[in-house]
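This report covers the chain contact, the domain division and the annotated spans of the structure shown below.

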Amino acid sequence: MQTRSPLIGMIFWIVLSFVTLFPIYWLFVISVKPAVDLFSSPSVFLDTIYWNNYAKVLTDETLRRYMFNSVVISSGNAILVTVLAFFACYALSRYNIAGKENIFFWTITNRMAPAAVFLLPFFLLFTQVFAFGDFKLYDTRIGLILLYCTFNLPFAIWTLRPTIDGIPKELDEAATVDGASTWQVIREVVFPLARPGLAVTLILTWVFAWNEFLLAATLTSFNARTLTTGLSEYVTTTGTEWGTMAAIAIITLIPALIVFSVVQRHIIAGLTFGAVKE
Amino acid sequence: MGSNRTGWLMLAPTLLILGVFGIVPFFYVLYLSFHQWNPFAANPNMIFIGANNFRRLVFDGEFLTSLWFTLKFAFFAVVSEIIIGYMLAQMLTRDFYGKGFFRTIHTLPLIVAPIVVGSVWRLMTTPSIGIIPYYLNKWFGYQLNIGSDATAAFIITVIMDIWHWTPLVTLTLLAAIVSLPKDPFEQAQIDGANRWQIFWHITLPMIRPAILATVFIRLMDALRTVDEVWMLTGGGPGAATRFVGLHIWKIVFPKTDYGYGSAISIIVLYLTLVMCWLLYVGLVAPRVRRSKVNADA
C-alpha cells in the first residue's frame with residue numbers, strides 16, 4: 001500500500017496491467033493459431049498470424065445468422081428501452097402520479113432477481129402461453145427484445161431519471177405558455193437537453209443486451225440464437241475447435257471494446273446501478 | 001402541469017412490459033412450485049401436491065450443496081475483491097505518471113461479456129492448451145486439472161471472478177476516498193497517528209457506507225453467477241462448481257422436473273432478496289440514517 005518510490009509504484013502498475021490484459025491477449029493468441037500448434041508447448045509470442053479461424057467464423061452461415069441476430073436484438077432492445085424509459089422518466093418527473101416513488105422502486109426490483117429463477121416460467125410462457133395462433137415468442141428475435149426489457153428497462157429508468165429531473169421545469173412551463181403542446185415540449189425542449197444522457201443509456205443497454213447469455217440460450221433454439229450462445233455451443237459440442245471458439249469470443253468482445261473507449265467514464269455509474277457516481 | 005392521464009399514458013408501456021415479463025412469471029413459478037409436473041414422466045399431468053416440493057427441498061443434499069458452494073464462492077470472491085480493490089483504490093489516490101492510462105486498463109474487464117470471461121479462463125486453464133497448467137507443471141511440478149480436481153476448479157472460478165470484478169470495487173471505493181474531507185487526516189497526522197491508525201480509526205469508518213454499498217452490489221451479482229462458470233467448468237467436476245443458478249437449469253431442462261425446479265427457483269429468489277434486503281437494512285440504511293443525524297446536529 002505504501003509506495004515510497006515512484007519507480008516501485010510504476011513497476012507495480014505495469015505488472016498489474018499485464019495481469020489484467022494477459023487473459024485477453026491469450027484469447028487472441030489462441031484465435032490466430034492453427035489447431036496443430038496449440039498442443040505443443042504453449043508459446044506466448046506470435047511467430048506467424050493465422051487468420052483462418054476468423055475466415056471460418058465469418059463465412060459460416062450459422063454463425064453469421066447468430067451475429068446478425070445479436071445486432072438486431074441488442075439494437076432493437078436498446079432503442080425500445082431508451083424510448084420507453086425516456087417517457088417513463090418524463091412522466092415520473094413532471095406529473096403528479098399517485099405512488100410514483102413506489103412505482104419507481106418496483107421497476108428497480110425487477111433487476112435484482114436472478115435470471116436463473118425465471119428461466120422456467122419464461123420458457124413455458126414463451127413456448128405455450130404467449131402464443132397468437134401459430135406465432136410463439138419462443139425462438140423469435142422480438143421475444144428476446146421484449147424479454148431483455150426486464151433487466152435493461154429498470155437500468156435505463158434508473159440512469160435517466162436524474163437527467164430528466166435535472167432539466168428545469170420552468171423551461172417546459174415557458175414553452176407551454178407560448179402555446180406548445182406536450183408533444184412539442186418533449187420534442188423541442190426536453191429531448192435536445194436529455195440527448196447526452198440518452199446516448200449513454202442507449203450505448204450501455206446495447207452492451208448489456210449484446211452480452212446476455214443465459215436467457216438467450218434457454219429461449220431460442222435455432223432462428224433467433226445470438227452470438228453468445230454460439231460461443232457456448234463451441235465448447236459443449238466440439239472440444240477440439242479451440243481456435244474457432246477463441247475467434248468467436250474475440251468477435252463478441254470487439255463491440256464492447258469500442259463502447260468501452262467511448263463511454264468509459266459512465267460504466268461505473270451504470271454497473272453500480274447509479275449507487276456510485278464518478 | 002398537464003393532466004395526470006397523459007402521465008399515466010407515458011408510463012403505461014413500461015408498466016405493461018414489466019408487468020407481463022416481471023409479475024406474470026413470478027406468479028406462474030409460484031403456482032407451479034405447489035405442483036408435481038414432469039411432462040416426460042410416467043404421469044405427465046400437473047398434480048397439486050401442496051408444499052411437498054418444499055419439504056423435499058429441505059432434505060435434498062444436491063441442492064443444499066449447491067447453495068453452500070454458492071455462498072462460499074460469493075464469500076471468497078467478494079472479500080478478496082474488497083481487500084484488493086481497496087488497496088488499489090488507495091494507490092490511485094496519489095499522482096503518478098500514467099495514472100489515467102493504468103486506470104483505464106484496470107477498468108477493461110468490466111465490459112467483457114461474462115460468457116467471454118468464461119471462455120478466456122477456460123483457454124487459460126485447460127490442460128494441454130492452457131498456459132497456467134503448463135507453467136505450474138514446469139516450474140513447480142504441480143498438475144492443475146480443473147476437469148478433475150474439485151478444489152482447483154473452485155479456486156479458479158473465484159480467481160476468475162476476482163479478475164472480472166475487482167475493478168468495479170476499485171473504482172467505487174476510489175470515488176468514495178477522493179470525496180472524503182481532508183481535515184481529519186491532517187489533524188491525525190499532526191497528532192502523530194501512524195498509517196495503520198489513520199486507516200483503522202479515520203478512513204475505514206468514513207468510507208464504510210461506500211464499502212457496504214459495494215458489498216451489496218457485488219454480493220447480489222455473485223449469488224447469481226451462471227454464465228462464466230457455465231463456460232469454464234459447466235458446473236463440474238462432479239458438482240464442485242454447480243452454483244444455484246446452474247443447478248436450477250439442470251433440474252429444469254435436462255431433467256424436466258418443472259414442479260420441483262419451480263420450488264427451487266422460489267426459494268433461491270426468496271433467499272437472494274432476503275439476503276440483499278437484510279444486508280441493506282441492517283448495514284447500509286442505519287449508517288445512512290446515523291450520518292444524516294450527525295449532519296443535522
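Which residues in α6(A) meet which residues in α1(B)? The model is predicted, and in it A:Leu120, A:Pro121, A:Phe122 and A:Leu125 of α6(A) are in contact with B:Val24, B:Pro25, B:Tyr28 and B:Val29 of α1(B). By class, this helix contact comprises eight nonpolar residues, with no polar and no charged ones.

Two packed helices are described by the angle between their axes and the distance between the axes. Here, helix α6 of chain A (residues 119-129) packs against helix α1 of chain B (residues 4-32) at about 105°, and the axes are 9 Å apart. Angles of 65 to 115 degrees count as roughly perpendicular, and α6(A) and α1(B) are therefore roughly perpendicular to each other.

**Contact between the chains**

The interface as a whole takes 78 residues from chain A and 75 residues from chain B. On the side of chain B that touches chain A, α1(B) gives the most, with 16 residues. That side of chain B divides into 53 nonpolar, 18 polar and four charged residues.

**Domains of chain A**

Chain A is divided into domain 1, residues 1-50, and domain 2, residues 58-271. The C-alpha centres of these two domains of chain A lie 33 Å apart. Their contact takes eight residues from domain 1 of chain A and seven residues from domain 2 of chain A. On the domain 1 side, the elements that give two or more residues are α1 (6-31) and α2 (35-38) of chain A. Of these, α1(A) gives the most, with four residues. By class, the domain 1 side of this contact has six nonpolar residues, one polar and one charged.

**Annotated spans of chain A**

An unreviewed UniProt entry lists "transmembrane region" for residues 7-28, 66-92, 112-130, 142-160, 197-222 and 242-263 of chain A.

| Span of chain A | Helix content | Strand content | Distance between end C-alpha atoms |
|---|---|---|---|
| Residues 142-160 | 95% helix | 0% strand | 24 Å |
| Residues 242-263 | 100% helix | 0% strand | 32 Å |

How values were computed
Residues numbered from 1 in each chain as written. Chains lettered and ligands numbered in written order. Predicted model: local features only at pLDDT ≥ 70, side-chain atom pairs only at ≥ 80, totals over all residues. Axes fitted to C-alpha atoms, helices over the stretch in contact; angles between N-to-C directions. Parallel < 35°, antiparallel > 145°, perpendicular 65-115°, else oblique. Contact = placed C-beta atoms within 7 Å. Nonpolar A, V, L, I, M, F, W, Y, C, P; charged D, E, K, R; others polar. UniProt positions renumbered as here; feature names shortened; annotations may be inferred. Domains from an automatic or database assignment.
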